[in-house]
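Look over the sequence and the structure below.

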Amino acid sequence: MSIIETVNKQIPDAMRAKDAERLSALRNLKAAFVTEAITLKKKGDLTDAEAFAVIKRLVKQRKDSAEQFKAGGRKELAKAEEAESKIL
């Protein structure tokens with residue numbers, strides 16, 4: 001099973017579990033996959049290597065955002081970014 005298929009399968013699971021944080025992270029990840037496919041002008045799904053690169057980039061963005069929020073004294077936003085980073 002590919003990374004994209006796994007994410008698509010986990011979205012309904014998160015809905016059933018009423019896990020809003022996880023659902024939001026998975027939906028954002030799915031949107032990033034679609035955006036990357038459009039950017040690469042791919043007709044089908046991304047390969048696992050391409051999907052993993054997207055995940056790595058999103059995790060790095062979340063960690064950078066968390067650091068900036070901490071520096072700005074916004075601990076609640078930093079905590080949200082760190083939680084999403086862990087889910088990814």
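Which residue forms a salt bridge with Arg62, the closest N and O atoms being 3.1 Å apart? The partner is Glu84; a salt bridge here is a side-chain nitrogen of Lys or Arg within 4 Å of a carboxyl oxygen of Asp or Glu. Glu84 lies in helix α4 and Arg62 in helix α3, so the pair ties together parts that are 22 residues apart in sequence. Helices are DSSP runs of H or I with at least four residues, numbered from the N terminus. Residues are numbered from 1 along each chain as its sequence is written. The model is predicted, so local features need pLDDT of at least 70 and side-chain atom pairs count only at pLDDT 80 or more, while totals for chains, interfaces and linings use all residues; side-chain values use heavy atoms, without hydrogens and water.

Arg62 also meets Glu81 in a salt bridge, at 3.8 Å from N to O. Salt bridges that share partners join Arg62, Glu81 and Glu84 into one network. Both Glu84 and Arg62 are buried, where buried means under 20% relative accessible area, exposed over 50% and partly exposed in between (1.4 Å probe, protein chains only).

Now the core. A nonpolar core is a set of buried Ala, Val, Leu, Ile, Met, Phe, Trp, Tyr and Cys residues joined through side-chain atoms within 4.5 Å. The largest one has 16 residues, of which Val7, Leu29, Phe33, Leu46 and Val54 touch the most other members. Helices α1 (3–16), α2 (20–39) and α3 (48–71) each give two or more residues to this core, and the largest share, six residues, comes from α2.
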